[in-house]
Amino acid sequence: MTSYTELGLVNTKELFKKAVSGGYAIPAYNFNNMEQMQAIIQACVETKSPVILQVSSGARKYANQNILKNMARGAVEYAHELGYDIPIVLHLDHGDSFELCKDCIETGFSSVMIDGSHLPYDENVALTKKVCEFAHSQKDYVTVEGELGVLAGVEDDVSSEQSHYTQPEEVIDFVSKTKVDSLAISIGTSHGRTKFKPEQCTRGPGGILIPPPLRFDILEEIEKKIPGFPIVLHGSSSVPIEYVQIIEKYGGKLTDSVGIPEEQLRKAAKSAVCKINIDSDGRLAMTAAIRTVFYEKTDEFDPRKYLGPARDELKKLYAHKNQNVLGSAGQA
Ligand SMILES: [Zn+2]
């Protein structure tokens, strides 16, 4: 059994308090391998941003949780070596059972999400409460994220055909009964790179899909019910058209890609939204860089020569997110 403090990590408590009052959001970037971890830490050290290293259950299966734990420890030391000790959280994304959350907490995670959003309301309350009781009673307090409302889209093991917006009238009851530390809500974001069906969008120049706006009215209702309570947005990649075009130019096919415009995320980050999850954009950045190398240097077969540029592109993307979208730059 390992406590996260032994790894040099922090929970989200103080970070969220400062983010809500400061009008910015903490980045939650997913990682599965060394290059992603390095890019995240390089970008966040350079921009002096706190960061949430996020692990999905798919990442645990892919990389092994003990390896990920030790990579998080390595991330803390790496930031120190780069010259600036930023606060780093190790967070379980979309925990689907009490046992999984418990296992992660005992492995050294400083924060977990229990996602009971697909369950009937009372079962979601009961499951979330059980995880909170366990997490909060640890020697070092582990923070818990719950979810109300369902996001559409596919993300690793999480998928849903349709979205269901969070119902503002449920949030006070949910937060007070479960004692969660933060709440993920559904206001129109979505998992994956095709966040909306073409028929939900309008078309811009060149046939580019323009998505419907986020439901800021629902966010405002929720903020009125639980003022200052930390809110989380999942599925908040912007799916940059530049990356989609590079990937398609070099042989890929990413039909009907559409994300959440960055201005809308910037607006959300200024509210009680204090954690924004970004995964698909990182996947696109790496894939665009790798396809470019494969196309331009057909005799290249050293993995460092394509994973290196992919890491550089990812770092550039995340530095941009911290500075221009989330507003977390300079807050560490
Ligand atoms: Zn998610």
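Predicted model: local features only at pLDDT ≥ 70, side-chain atom pairs only at ≥ 80, totals over all residues.

Student: OK, so where does Arg291 sit?
Tutor: Arg291 is in helix H11, which covers residues 280-296.

Student: Is Arg291 buried, partly exposed or exposed?
Tutor: Partly exposed, because its relative accessibility is 30% and that class lies between 20% and 50%.

Student: And what does Arg291 contact, skipping its neighbours within four places in sequence?
Tutor: Ile247, Tyr250, Gly251 and Gly252. As for Gln264, 27 residues away along the chain, its C-alpha atom is 30 Å from that of Arg291.

Student: Switching topic: how do H2 and H12 pack?
Tutor: H2 (residues 34-46) and H12 (residues 303-326) pack at about 40 degrees, and their axes are 8 Å apart. That angle makes H2 oblique to H12. The crossing is right-handed.

Student: Which residues meet there?
Tutor: From H2, they include Glu35, Ala39, Ile40 and Ala43, and from H12, Leu307, Arg311, Leu314 and Tyr318 are among them. The residues of that contact split into 8 nonpolar, 4 polar and 4 charged.

Student: What about the largest nonpolar core, which residues touch the most other members?
Tutor: Phe31, Ile41, Ile88 and Leu183, out of 104 residues in that core. H12 gives the largest share of the core, 8 residues.

Student: Which residues does Phe31 contact, again leaving aside neighbours within four places in sequence?
Tutor: Gln36, Met37, Ile40, Leu53, Gln54, Val55, Ala59, Leu68, Met71 and Leu90.

Conventions: Residues numbered from 1 in each chain as written. Heavy atoms only, no water. Axes fitted to C-alpha atoms, helices over the stretch in contact; angles between N-to-C directions. Helix = DSSP H or I, 4+ residues; strand = E, 2+ residues; numbered from the N terminus. Parallel < 35°, antiparallel > 145°, perpendicular 65-115°, else oblique. Left-handed = near helix turned anticlockwise from the far one by under 90°. Contact = heavy atoms within 4.5 Å. Nonpolar A, V, L, I, M, F, W, Y, C, P; charged D, E, K, R; others polar. Core = buried A, V, L, I, M, F, W, Y, C linked by side-chain atoms within 4.5 Å. Buried < 20%, exposed > 50% of the residue type's maximum accessible area, 1.4 Å probe, protein only.
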